[in-house]
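Subject: Structure handover

Hello,

Here is the structure I promised to pass on. My notes follow below it.

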Amino acid sequence: MSSFKAPPPKNSLQNSDSFDSELGGQYSLLAPGPVNLHPRVREVLSEPMMHHRIPAFDAILARVLKRLKNVFATEERVYLHTSTGTGGMESLLVNTLSRGDRVLAIVSGKFGERWAEMARIFGCDVEEIAVPWGEAVNPQIISEKLMRGNYKAVLCQACETSTGVFHPIKELGNLVSVYEDTLFLVDGITAVGAFPLPMDEWHIDGLVAGSQKAFMLPTGLSIVSFSQKAQKCFEKANLPRFYFDIRAEQKANAKGETFFSSNVILVKAMDVVLDLFEDKGIPALYAEIHRRAEMTRAFAQKQGMDLFAKRPSDSLTAIVLPTGVDSQKVRGELEKKDNITLMGGQDQAKGKILRIGHMGYITDVEMLNLFKNLTLRIQDEGVALPLNPNEIEKAMKNWIGEYRG
């Protein structure tokens, strides 16, 4: 992942002797999404409503659409749908594929399963590549499939949110790009804005992001973009589409509008987020998230716990709790006693893992408060850990100092 190192956050523990003095018992949303909102985002969300068909909003929309291209690292247009990220996943399919198209779907968790099922429901001929949960796909397997089969699209998550795995998107993009009639469609909902995922450079033909992840907004916007290769499919694609018809969105955007009613408040808030991104710089943003991921991995290692993902993403970390400890119970206790929300595992990982998000507005204080209280809650289950909460506080402060140094 990124090798950048972020500057110290404003609210750090460098000069603090306790967690409570700085955190003040506030609620910590440390899930993989939705995430903590930046204070400036909370401010803009409280502003009076603006109509979506007036020049003032048109100017905001145009500015947002133009600047989103920088986050996607693309020269192509970027579009907004008022939907969850799943709506954006559907948009990538219905604007490029036709009934009966052969689709190779990489399935390594719940969201890979969802996308494969979605393509199947629309009438595509879906072949799944089943990857064990916690593992990343082997590009060689995809290479062999592409040499033997005639696929219209390869579907993959950049980060499989249910496991914390980061798939080798660059390598896969290079493989797929060789095939003139095959598209590489990527679910970047838990990736875009969290770590490098340059759409054009990595030969991604369709990319979707979600507002509730690295963009630190509420759920409600999906953001999509298509390569020139994918755009050639717009007219030929025959899957049912109405709300997500990107051709209608193109025409509306050309007039400075969205095709349907805009999510005005979230678009205004996105404008503020993009200001924050530009002020910080995209590399520094990636570095800050990477640093939180490294901090969490260091905590797990110090406490003798394993990471669930063998190729972990920077956007979230899935930690395997000690044998006999129910992660669902632990996350419930963290919410009830410590005002902290994490996510547990799903399906085969339910009760075994905790998923900790690194996106959004998060300070060192919040992270260390989590480590302290997570240690307490595991100890409540009768499990001895190498370090007690006070030792964890000291160890992690020292680690922060070493990391910055």
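Contact here means heavy atoms within 4.5 Å. This is a predicted model, where local features need pLDDT of at least 70, side-chain atom pairs count only at pLDDT 80 or more, and totals for chains, interfaces and linings use all residues. Residues are numbered from 1 along each chain as its sequence is written, and side-chain values use heavy atoms, with hydrogens and water left out.

Buried means under 20% relative accessible area, exposed over 50%, partly exposed in between (1.4 Å probe, protein chains only). An α-helix has 3.6 residues a turn, so residues three or four places apart point the same way.

After α3 comes A73, with a positive phi near 55°. T74 sits in the loop between α3 and β2. Why is T74 counted as buried? Because its relative accessibility is 5%. Its side chain makes a polar contact with the side chain of D200, at 2.7 Å. A polar contact is a pair of N or O atoms within 3.5 Å; within protein, one must be able to donate a hydrogen and the other to accept it, and residues adjacent in sequence count only if both atoms are side-chain atoms. Leaving aside neighbours within four places in sequence, T74 is in contact with K69, M199, D200 and S225.

Next, R331, in helix α12 (residues 327-338). R331 counts as buried because its relative accessibility is 16%. The R331 side chain reaches the backbone oxygen of L342 at 3.0 Å. Not counting residues up to four places away in sequence, R331 touches I340, T341, L342, M343, G344 and L354.

Best wishes

Definitions and conventions. Helix = DSSP H or I, 4+ residues; strand = E, 2+ residues; numbered from the N terminus.
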